[in-house]
Structures are given as C-alpha cells and as structure tokens.
Amino acid sequence: MGEKTEKLRQIRDEVLNLTTSPLYAFRKQHGYFPVIGQGNHDAHIVFIGEAPGENEAKQGRPFCGASGRVLDELLQSIGLAREQVYITNIVKDRPPDNRDPSKEEIDIYAPFMQRQLDIIQPRVIATLGRFSMEWVLTLFNAPERTKKISALHGKVIRTQSSWGEVAVVPLFHPATSLYNPAQRQILFDDFLVLKQFTTP
Ligand code: URA
C-alpha cells in the first residue's frame, strides 16, 4: 500500500473511534459511517464541502446525494472525472437535521482535514460553501479570510502552504443551486476558473 493511502487509513481509523465528537453518538445510533473522503490521493485539486448529509452518512462517501449530482455535472463541465480529484468535507460526521456544522464540530474535525491536506498536498483547494472557505483561508492566514463568500466566489486566492503555493478557489455550495437556476448558473461560471488547473 502507498504511503499516502496508509496515512489516510490511519485518519479513517482515528475518526471511526472519535468518541469525543458530539456527533459520535448520533452516528452510532443510526448505523451511519463517517465520511473521510474519496478520490485520487495524488490529486492536484481537492474539494472541501461542509459535512455529510444523510445519503453520505449511510454510504460513507462524500457528495453522493442531490448535491453530489450537481457536483458531478460541474466536474463534467470542465472535463474532470471524480477519480482525478479528491473530495471531502471538513466535518466528517453527519450533523442531525442537516443543520450547519457548529464551531465546536468544525474544531474537532479540523485537525483531520489539515492532515489530509498535508498528505495529498494539492495545488488547488476548491471550497464548497462558506464554512470550508473560512476555514481554509484562516488556515493559510490569507488576508481575504474575513471577507464574505459573496465577494470571493469564483476568485483565485494564492496562498502559501508548507508544501508550496496553493490556489484557493471559493465556490458556493452545490446545494444552493438545487432550487435556484440563477445560482446554478453562477456555480457553472465559477467552476470555469478551475479549468486552468486541470492540466498536469
Ligand atoms: N454536502 C456536503 O457539504 N458534503 C457532502 O458530502 C454532501 C452534501
């Protein structure tokens, strides 16, 4: 097994046993799985969503419900397959009632997210929604970290990481487009920004 895969499995095992998480009991009660992430461990582009929904928690895979179908269409629109990228969420367990993740929940799962980035070392991080955008921009201490997603979506924010330059591309969450065609168009337009990073 490759070294990256081994390290990512270690993260999975730790999250599986994360009894200190406020979401652990809820996971156990419903027979859910944590969603660690899926895709290419050498991906140039990592997508970070918020937290698993019900479908994701049942299957243990990210973005496999309605939002995932939008994400698949978006990837396809710039000629990317899921297998080429890595897709994950900051919060690895499903919050009840699909509510927003709390600060406490983000804080407990953030070290795992950070380790995933250190292992995969992407050139581009595309954030899906404001929670992951704020978290990533804060992680890299980007001056834009206090700005709103309405001002930053579709922009390329160049930051420095321990493994070199990383471009952060904030995107709206795919769920915002489900019942809103105008929002859907914005997502597709913003996604085009990623196309410049799709060649090796
Ligand atoms: N929404 C997210 O943020 N992540 C998923 O995996 C699914 C829906």
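Trainee: What makes strands β2 and β4 count as paired?
Mentor: Four bridges join β2 (residues 45-49) to β4, and the two run parallel. Strands pair if DSSP finds at least two bridges between them, so β2 and β4 qualify. Across this pairing, I48 stands opposite T127 in β4. Strands are DSSP runs of E, at least two residues long, and helices are runs of H or I of at least four, both numbered from the N terminus.

A word on the source: this is a predicted model, where local features need pLDDT of at least 70 and side-chain atom pairs count only at pLDDT 80 or more, while totals for chains, interfaces and linings use all residues. Residues are numbered from 1 along each chain as its sequence is written, and side-chain values use heavy atoms, leaving out hydrogens and water.

Trainee: Which strand pairs with β4 through five bridges?
Mentor: That is β6 (residues 164-171), which runs parallel to β4. There, T127 has P170 as its bridge partner.

Trainee: Why is β4 called largely enclosed?
Mentor: Because five of the five residues of β4 (residues 124-128) are buried, meaning under 20% relative accessible area with a 1.4 Å probe, protein chains only (over 50% is exposed, in between partly exposed). In a regular strand, side chains alternate between the two faces of the sheet. Here V124, A126 and L128 are buried on one side, and I125 and T127 on the other.

Trainee: Why is the F47 and F191 pair called stacked?
Mentor: Rings of Phe, Tyr and Trp (its six-membered ring) pair if their centres lie within 6.5 Å; planes under 30 degrees apart are stacked, over 60 edge-to-face, the rest tilted. F47 and F191 sit 5.8 Å centre to centre with 10 degrees between the planes, so they are stacked. F47 lies in β2 and F191 in α8 (residues 181-191), 144 residues apart. At 0% relative accessibility, F191 is buried, and F47 is also buried at 0%.

Trainee: And what makes F26 and Y32 edge-to-face?
Mentor: Their centres are 5.7 Å apart and their planes 75 degrees, so this pair passes the edge-to-face cut-off. F26 is buried at 16%, and Y32 at 10%.
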